[in-house]
Amino acid sequence: MPLPRWITAGALAVVTALSLSVPGQTDVRAGGTITTGAAPSPALGEDIAYNVYLPAGYDRDESRHPVLYLLHGRGDSMQAWTRVKTTLDDMIRTKRIPPVIAVMPDAPWSERGSWYVDSRYTGDDLPGRPVETALTRDLVKHVDATYRTAPIRQARLVGGYSMGGAGALRYALAHQDLFGAAAVLSPAVYTPLPPSDSSARDYGAFGKGGAKFDDEVYKELNYPALLPDLDPDLPVRLFVAVGDDEYANPDPADARHDLDFESAALYNAARRSPAISAQLRVLDGGHDWDVWTPAFEQAMADLGPALSVTPPTGLPAPLHGGAGVDWAGGVAVSADGALTIGYATTENGDLDAVVSRIGGWTRRIATPADERLYGVVPLPDGGVLAAGYTKGDLDGEHAGNTGDDAFVVRIGADGEVRWTTQFGAPDAADRVYGLAAAPDGGAYVAGYTKGALDGENAGDKDAIAARITPDGKVAWIRQYGGPGEDKATGVAAGRAGLYLTGSTSAAMPGTTARGGTDGWLAAYTADGTRTWAVTEGGAGDDRLNAVTVTTGGLVVATGATEGDALTVAYTDRGKRRWQHTLATAQADEGAALAALPGGDVEVVGYTRGKVGVPAGGADVVALRLDAKGTQRAAAQLGTARDDAVDPFSEPNLFAAAAGEGKAAISGLTYGTPEGGRALGNGDVFLATVQH
């Protein structure tokens, strides 16, 4: 505790706590109810008493609920947490959090100073008890057997204040299999050891044998010892809050043990763990409910929406790539259902492009320099086209090349390369970021050049589009840009020609700048004549990443606007038809599209928020939109780590229609797939979504 031995957290607010609830009686006020219970504990040889909050309507439905385990401070009792009933009622009623069960155990052991750990103290005055074992095993088992809970970690949050905050922190880190989130309020945690006047030294919680406090026992149980061994595949969401007027230790040597200091130290250590996503809030107030009440509400607002009685949908095994750095490079579905993926891998040292027919052949497209893929599309003969950029001599006609050149390669159904085309300005970087099959078996590609491939460069990078004939010749190149940095990131072919989309840092010719970075969409005839162009977005940074043409003839593009996923639809004459925005509390972005039968479109991107059940970090999100832009279904899938996005927040994701209303998705993941293993340093997944 940060308070002197003669002050307890319970003494600060005992009147309020005792007035809120009477043991054994139901709170009949509007909202949820609070009753008492007792959990048998083989570890303790006695029952664990607790209060339990059941949300409004619990007795009238059969649904399952997430559970909060709320630990009181030293000297307090299970009555202390009953004061948050109103907060829970209000947040559930306004749908800020799902209906939850809250279990508030009593911890009378060691004169209410157990620190929620298994004590090794053997003194007769305060015999050590296995409190941690009792609460994390016996109590949780009893609650899951008695109430309609979901026995998964995603449905459990542990919270506490003061001594209870220390207990909640330990339980979340030492029992990742049980708890997915922790609300840690004014936690009585000290590193490396408690100050000399801390009551953590008095009750035998960290004792050993006849000594009430043992330095090594304390260090073993404290969070610095737990952080290095956390499993990143079992992510913990941590919310730390503390008052700015915490008790100030009188000895200047102990100033770092003031709990505002210790809470900041905890946050800064925790946020560096790949297994933890952490938040820190400093509120006005001291070590009392004037801080803990609003802090609890803020913690629940942050952690509560992600509580789920359904486990997240994972990514399927196996992953593709190697032990080095890998990047997704495309996915194609042939008429016979065969799946082909593209990716880039550093498995052999340099970055090499790879095209692989699932269950069949694998073709490496490589020079001693770097190659990167940005698209794979099917051809009628069962082969595929793949495109990207190379720093080497990929076609045998660019000896001495050291800059980025665009390339397109045609691979037959047997996996043999039919032709390779490489092109670009000899003195500047050129890259392809988008690929579409042309009706005659040729290709359209889109990207950028820093040189002059079609007239003069308008400034910095210009977007480019190129037509590749069925035999691999460059029929034409069009350069499109303004004074800023312009990139084309997607291309699609339709009845009237082709459509490019991308981003610009200034106005593109024929458009008006909206502010920040804008997304843009442009239409071209089959011979490369631009017919119209528009910009999308607001005053902040926006971009469009991909474009497709639906079976109904609409031109649909997706990307991001000021942190939300944006999808827009236009006619082939440039008239805007509809807009769809996915906006969670965190970052969302559309990255790929698949046109489906009936005019529907699958929008695939990433979210750091909640669309379905969050898996952790950035997840893949797939939205089914109909011909009018109405969202018909949504799915969220992923691993405990970032998926579909790279460390620079650039999406790395591709999609293709896979028949019967399904979409094949391939992208980057830093996590572990279901039933498989991670290869290391970022791998490539292949999944199929059907709503």
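View A. The model is predicted, with pLDDT of at least 70 needed for local features and 80 or more for side-chain atom pairs, whereas totals for chains, interfaces and linings use all residues. Residues are numbered from 1 along each chain as its sequence is written, and side-chain values rest on heavy atoms, without hydrogens or water. Helices (H or I, at least four residues) and strands (E, at least two) are DSSP runs counted from the N terminus.

View B. The strands follow the order β1-β2-β4-β3-β6-β7-β9-β10, and their pairing is mixed. β1 (33–41) and β10 are the edge strands, each with a single partner, so one side of each has no neighbour in the sheet. On average, neighbouring strands are turned by 20 degrees against each other, direction ignored. Helix α2 (residues 85–93) packs on this sheet and touches β1, β2 (46–54), β3 and β4, its direction making about 45 degrees with that of β2; contact here means heavy atoms within 4.5 Å. Helix α9 also packs on the sheet, touching β3, β6 (156–161), β7 (181–185), β9 and β10, and its direction makes about 155 degrees with that of β9. Angles run from 0 to 180 degrees between N-to-C directions of axes fitted to C-alpha atoms, for helices over the stretch in contact.

**View C. The contact between helices α4 and α5****.** The axes of α4 (residues 131–146) and α5 (residues 163–174) come within 12 Å and cross at roughly 65 degrees. On the side of α4, the contact is made by Val131, Glu132, Leu135 and Thr136, while α5 contributes Arg170, Tyr171 and Ala174. Sorted by class, this contact holds four nonpolar, one polar and two charged residues, where Ala, Val, Leu, Ile, Met, Phe, Trp, Tyr, Cys and Pro count as nonpolar, Asp, Glu, Lys and Arg as charged, and the others, Gly among them, as polar.

**View D. The largest cavity and its lining****.** A search of the whole structure finds four cavities of 30 Å³ or more, and the largest cavity has a volume of about 130 Å³. Its lining comprises 13 residues, of which Ala166, Val189, Phe206, Leu221 and Asn222 are the closest to the centre. Helices α5 and α6 (215–221) each supply at least two residues of this lining, and the largest share, four residues, comes from α5. The lining residues divide into ten nonpolar, two polar and one charged. On a 1 Å grid over the protein atoms alone, a cavity is a set of points where a 1.4 Å probe fits but cannot get out, a pocket is an open set with protein on both sides within 12 Å along at least five of seven lines, and lining residues have an atom within 4 Å of a point. Points are joined across faces, edges and corners, and a volume is the space filled by probe spheres set on them.

**View E. The second largest pocket****.** This pocket has a volume of about 1300 Å³ and is lined by 47 residues, with Arg237, Ser277, Pro614, Gly616 and Gly617 lying nearest its centre. The elements that give two or more residues to the lining are β9 (236–243), β10 (276–283) and α9 (289–303), and β10 provides the largest share, four residues. By class, the lining has 20 nonpolar, 16 polar and eleven charged residues.

**View F. The open sheet of four strands****.** Its strands are arranged in the order β31-β32-β33-β34 with antiparallel pairing. β31 (588–595) and β34 (631–637) stand at the edges with a single partner strand each, so one side of each is left without a neighbour in the sheet. The twist from one strand to the next averages 20 degrees. Six bridges connect β33 (residues 619–625) to β34 in the antiparallel sense, and valine 621 stands opposite glutamine 636 of β34.

**View G. The hairpin of β13 and β14****.** Strands β13 (residues 352–357) and β14 (residues 362–365) run antiparallel and are joined by four bridges, with valine 355 opposite arginine 363 of β14. Four residues lie between the two strands, and glycine 359, in the turn, has a positive phi of about 80 degrees.

**View H. Backbone details at Pro192, Pro318 and Glu111****.** A cis peptide bond with omega of about -5 degrees joins threonine 191 to proline 192, and proline 192 lies in the loop between β7 and β8 (208–209). The peptide bond from alanine 317 to proline 318 is also cis, with omega near 0 degrees, and proline 318 is found in the loop between α9 and β11 (326–333). Glutamate 111, although not a glycine, has a positive phi of about 55 degrees and lies in helix α3 (residues 109–112).

Notes. Two strands pair if DSSP finds at least two bridges between them.
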